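Reader: I would like to learn how to read helices and ring pairs in a model. Shall we go feature by feature?

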Amino acid sequence: MRFTENEINPKQLSPLNLAFIGDCVYEMLVRETLVADANRPVNDLHRESVKFVSAKAQTEAYEKIKNCLTEEEEAVFKRGRNAKVGHNPKSATHSEYHAATGIEALFGYLYLCEEENRLRELFKIILDKSE
């Protein structure tokens, strides 16, 4: 589901633009999942969401889905991972921060391609604790 009717070709966007929108998409998936789980105080929701959206958690998320990605999806992830971000992360290693940017770029790309089912499929794998 797209929120605007603006025409956007995700293949023409920089990986950091994809990550910019993907950060929001990933966060929405996390927040909706947490709210659907239980009606609880906002502080608890925030504390739980951080467990999913940190660079370390997103690096672990990539490890869960990497063998499920298509060639195109892997290429988008790598473009995001290899993007020059222009600053050093404070709460993550350099490689974790870049992997998180790759995940965000992938989720932004899939969102802009209107691949809602694929987003859900990958996010379900990420949530699976048995992996």
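Reader: What span should the 19 residues of H5 have, and what separates its end C-alpha atoms?

Author: The expected span of a helix is 1.5 Å times one less than its number of residues. Helices (H or I, at least four residues) and strands (E, at least two) are DSSP runs, numbered from the N terminus. For H5, with 19 residues, that gives 27 Å, and the end C-alpha atoms are 27 Å apart, so the two agree. This is a predicted model: local features need pLDDT of at least 70, side-chain atom pairs count only at pLDDT 80 or more, and totals for chains, interfaces and linings use all residues. Residues are numbered from 1 along each chain as its sequence is written, and side-chain values use heavy atoms, with hydrogens and water left out.

Reader: How many residues of H5 are buried?

Author: Buried means under 20% relative accessible area, exposed over 50%, partly exposed in between (1.4 Å probe, protein chains only). In H5, 16 of the 19 residues are buried, so the helix is mostly covered. After H5 comes Glu114, with a positive phi near 60°.

Reader: Where does Ala92 lie?

Author: Ala92 sits in the loop between H4 and helix H5 (94-112). Its relative accessibility is 16%, so Ala92 counts as buried. Contact means heavy atoms within 4.5 Å. Setting aside neighbours within four places in sequence, Ala92 is in contact with Ala55 and Tyr97.

Reader: How many aromatic pairs does a search of the whole structure find?

Author: Rings of Phe, Tyr and Trp (its six-membered ring) pair if their centres lie within 6.5 Å; planes under 30 degrees apart count as stacked, over 60 as edge-to-face and the rest as tilted. The whole structure holds three such pairs. One is Tyr26 with Phe123: centres 5.7 Å apart, planes at 85°, so edge-to-face. This pair links distant parts of the chain, 97 residues apart: Tyr26 is in helix H1 (residues 15-37), Phe123 in helix H6 (residues 116-127). Tyr26 is buried at 1% relative accessible area. Phe123 is buried too, at 4%.

Reader: How far apart are the ring centres of Tyr62 and Phe77?

Author: Their centres are 3.8 Å apart and their planes at 0°, so this pair is stacked. Tyr62 lies in helix H3 (residues 55-65) and Phe77 in helix H4 (residues 71-81), so the pair ties together parts 15 residues apart in sequence. Tyr62 is buried at 10% relative accessibility. Phe77 is buried at 1%.

Reader: Which residues form one aromatic cluster with Phe107?

Author: Tyr26 and Phe123 do.
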